[in-house]
Amino acid sequence: MSDKNNGVSQDELDDYIHVAHMGIYIVIIALIIILTGWIIWVIGGKIPVTETASGLVIDMSDEDVKEMPDKSEYKPEYRCIVCLDAYEYNVEKLNDMKDDVKLQMPDGNVISGKIDYVESVPIARGTVAETYYFGNEWLVDECVPSYYNWIIAIKTDNNEFAKYPYSMAKATLVIDEVSPFSFLVR
């Protein structure tokens, strides 16, 4: 047998041979963690489906309370009234709607609100105009999307609407939540 061993001495044969650098293992582990997180999110995560609509902040207090002789006890009950197209949304979609709503006020401030109630039947545009928008055609054109509309009243926990009486707001409603898998399959 020859002692040449392809130019390597007997002492060098016992040296540790570096096959791969440790950096590649860190990259592989990071990719596995990211892929695992992505798979968990695709299977169990939720993507919100939102609708943005214009609304008007109005005082929803009972008319008898508004006309009390002693106004010191009167506290207005402000709600933001938002309309959704009754042709586009049915009762099942409205029932799936989440309670949390984000409202952007005219000064750019974003307020968190909750749905107080949804009218049980769609309301005609003219009735909406007279009942909620004081017959103001510009407000109706801005806030009422269709001839028949679902009326949604939104409230805040600490009556933050008191700073914005009779102001318009942009409401972002979460209509539904879908899984990322079904979103990707669409």
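A residue is called buried under 20% relative accessible area, exposed over 50%, and partly exposed in between (1.4 Å probe, protein chains only). By that scale C143 is buried, with a relative accessible area of 3%. The structure is a predicted model in which local features need pLDDT of at least 70 and side-chain atom pairs count only at pLDDT 80 or more, while totals for chains, interfaces and linings use all residues. Residues are numbered from 1 along each chain as its sequence is written, and side-chain values use heavy atoms, with hydrogens and water left out.

**Cysteines**

- The whole structure contains 0 disulfides, a disulfide being a pair of cysteine sulfur atoms within 2.5 Å.
- C80 takes part in no disulfide, and the nearest cysteine sulfur, that of C143, lies 8.0 Å away.
- C80 is buried, at a relative accessible area of 0%.
- For C143, the closest cysteine sulfur is in C83, at 7.2 Å, which is too far for a bond.

**Positive phi values**

- F134 has a phi near 55 degrees, a positive value in a residue other than glycine.
- F134 lies in the loop between α4 (125-132) and α5 (137-143), and F134 is exposed because its relative accessibility is 52%.
- Y166 is also a residue other than glycine with a positive phi, near 55 degrees.
- Y166 belongs to the loop between β6 (148-155) and β7; with a relative accessible area of 44%, Y166 is partly exposed.

**Strand β7**

- E177 is placed in strand β7; helices (H or I, at least four residues) and strands (E, at least two) are DSSP runs, numbered from the N terminus.
- E177 counts as partly exposed because its relative accessibility is 35%.
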